[in-house]
Amino acid sequence: MEVQEEAEARTVRLSDGNLMPLLGLGTWKPSKLPRASMQGAVEAAIAAGFRHIDTAFGYDNEAEVGRALQAMTRQGVIRRQDVFVVSKLWMTHHAAEDIPKCLEKSLEDLQLDYLDLYLMHCPVGLKRIEDQKFPVKDGQLQTSDVDYVEVWRGMEALRASGRVRSIGVSNFSVLQLQRLLALCRVPPAVNQVELHPYLLQTELTTFCRSNDVALVAYSPLGSPARPQEMIRGDTDPKGLQEEPVVVDIARRLRRSPALVLLRFHVQQKTAVIPKSDKSHHILENTKVFDFRLSEDDMQALRSLDRGWRAFTLPEAKSHPYYPFH
């Protein structure tokens, strides 16, 4: 992984040579929240200058994202090669025959011929039962025992086919990455994980950087929009933007707390994919390259590390590949 040489680098060069923009738009939204127009959010992001769009089969929004990409292309705002589009292999599609089917469905909905980056969404697999995203039987999540190394063989085949330019993983631990790197033919270019000052994951980030695996931070703002039933009590990161250390830095720099939190990652050459469907927030997020944090500010933010996660998938805790220990 090599950071592009510019006065302010806005992309990172992946281990396979492809460039990934450091600022992206995340599109995950809890299914129980009202569905605002994802198409409108993606169009607003592209108009504001975003060139990295992150989605997934499991988000149930790829058709909306695809309509936005087509609309902005028709209007001449972007060409296909201008935008870095990411999707993910869902957990119910870990069987060898299902891996290409999942990709094809994503490409069809996105109205694209290829993806710039395709990620294995999680090392834990789920049984494929009809169209259930989280198949449950007798109150139990139905996990599968497919080895993520075997799944990776299917990912490597997709890359060889030209339908995806880069391949990577999401939610992988250090141990899982070590094993995958030892057994793979094509190393993962990216590991997309939850990262923010309440969850630094220092061992994991150090390992990724030393092994040329680029990092993408999801929930960089602590995922405050989750519904109440997803909030994890007193050890939840949802209040990160109200954290006094963050607020003080933001006030002094005359920036929003959100922008300070995004800058914290970008300054470390970690890509960020904040989610927003509000056009003024989307536009504000593009200002992340307009300022720098001092080393004292960076250290103050690092001191907030508490191991607080927004996402843990507790229903799969007994699975041998559960990554959130």
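In this predicted model, helices H3 and H4 lie oblique to each other. The axis of H3, which spans residues 99–110, comes within 9 Å of the axis of H4, residues 148–161, and the two cross at roughly 50°. The crossing of H3 past H4 is right-handed. On the H3 side, the contact is formed by Ile-99, Pro-100 and Leu-103, and on the H4 side by Val-151, Gly-154 and Leu-158. Five of these contact residues are nonpolar and one is polar, while none is charged.

Helix H6, residues 202–210, has a buried side and an exposed one. Its buried residues include Leu-204, Thr-205, Phe-207 and Cys-208. These four residues lie on the same side of H6, because the arc they cover around the axis is only 160°. Glu-203 and Ser-210, on the other side of the helix, are exposed. Among the elements that cover the buried residues of H6 are helix H5 (174–183) and two strands, E13 (190–194) and E14 (214–218). After H6 comes Asp-212, which has a positive phi, near 60°.

Helix H8, residues 257–266, is largely enclosed by the rest of the structure, because nine of its 10 residues are buried. The buried set consists of Ala-258, Leu-259, Val-260, Leu-261, Leu-262, Arg-263, Phe-264, His-265 and Val-266.

Glu-130 is located in the loop that joins strand E8 (125–126) to strand E9 (136–137). Is this residue buried or exposed? Glu-130 counts as exposed, because its relative accessibility is 68%, and the cut-off for that class is over 50%. In sequence, Glu-130 and Thr-92 are separated by 38 residues, whereas in space their C-alpha atoms are 9.8 Å apart.

Technical notes:
Residues numbered from 1 in each chain as written. Predicted model: local features only at pLDDT ≥ 70, side-chain atom pairs only at ≥ 80, totals over all residues. Heavy atoms only, no water. Axes fitted to C-alpha atoms, helices over the stretch in contact; angles between N-to-C directions. Parallel < 35°, antiparallel > 145°, perpendicular 65-115°, else oblique. Left-handed = near helix turned anticlockwise from the far one by under 90°. Contact = heavy atoms within 4.5 Å. Nonpolar A, V, L, I, M, F, W, Y, C, P; charged D, E, K, R; others polar. Buried < 20%, exposed > 50% of the residue type's maximum accessible area, 1.4 Å probe, protein only. Arc of directions from axis to C-beta.
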